[in-house]
Amino acid sequence: MSLPHPTTDQISLPIVLAVLGDPTRLAIVRYLASKEGVPLNCSKFLDLASKTNLSYHLAKLREAGVTRSEAVGTSRLITLRRDDLDRRFPGLLDSVIAAADGDPALPAVGTSEIDVIA
């Protein structure tokens with residue numbers, strides 16, 4: 001099963017900024033950036049929200065072109081689309097992540113055991 005993702009040219013700045021304006025989604029992106037290139041199982045983020053709420057946030061990130069979700073069996077592997085975002089909006093992702101570092105209002109991610117599938 002393949003999930004729809006926008007092409008690099010379809011990624012829209014207002015949509016990306018709106019998606020990253022949510023603290024839960026920003027926490028997910030910040031954590032993905034810290035694990036750059038490592039596909040993470042979506043269950044890694046269950047400490048942020050319920051499964052239903054988490055599915056909603058992950059879908060919003062995917063639909064905006066911020067993340068890529070790949071279905072592998074019954075799991076979804078999530079990666080950050082850094083190359084596409086940097087090509088479309090140079091420096092944006094680094095600026096947003098840098099501004100979010102140390103923000104006490106953002107929920108913590110990664111407090112549980114890491115589920116990495118390589």
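## Model and confidence

The model is predicted: local features need pLDDT of at least 70 and side-chain atom pairs count only at pLDDT 80 or more, while totals for chains, interfaces and linings use all residues. Residues are numbered from 1 along each chain as its sequence is written, and side-chain values use heavy atoms, leaving out hydrogens and water.

Mean pLDDT (the predictor's confidence in each residue, from 0 to 100) is 86, with 92% of residues at 70 or more. Over residues 112–118 pLDDT stays under 50. Where pLDDT is low, the predicted coordinates should not be read in detail.

## Helix α3

Helices are DSSP runs of H or I with at least four residues, and strands are runs of E with at least two, numbered from the N terminus. Helix α3 covers residues 51–64, and its end C-alpha atoms are 20 Å apart.

Buried residues (under 20% relative accessible area; exposed is over 50%, partly exposed in between; 1.4 Å probe, protein chains only) in α3 are L54, H57, L58, L61, R62 and A64. They pack against α1, α2, β2 and β3. G65, just after the helix, has a positive phi of about 90°.

## Salt bridges

A salt bridge is a side-chain nitrogen of Lys or Arg within 4 Å of a carboxyl oxygen of Asp or Glu; the count is 5. One of them joins E36 to R82 at 2.9 Å. E36 is in the loop between α2 and β1 and R82 in helix α4, so the pair ties together parts 46 residues apart in sequence. R82 is buried, at 16%.

R82 also bridges to D94 at 2.7 Å. E36, R82, D86 and D94 are linked in a network.

Notes:
Expected span 1.5 Å × (residues − 1). Contact = heavy atoms within 4.5 Å.
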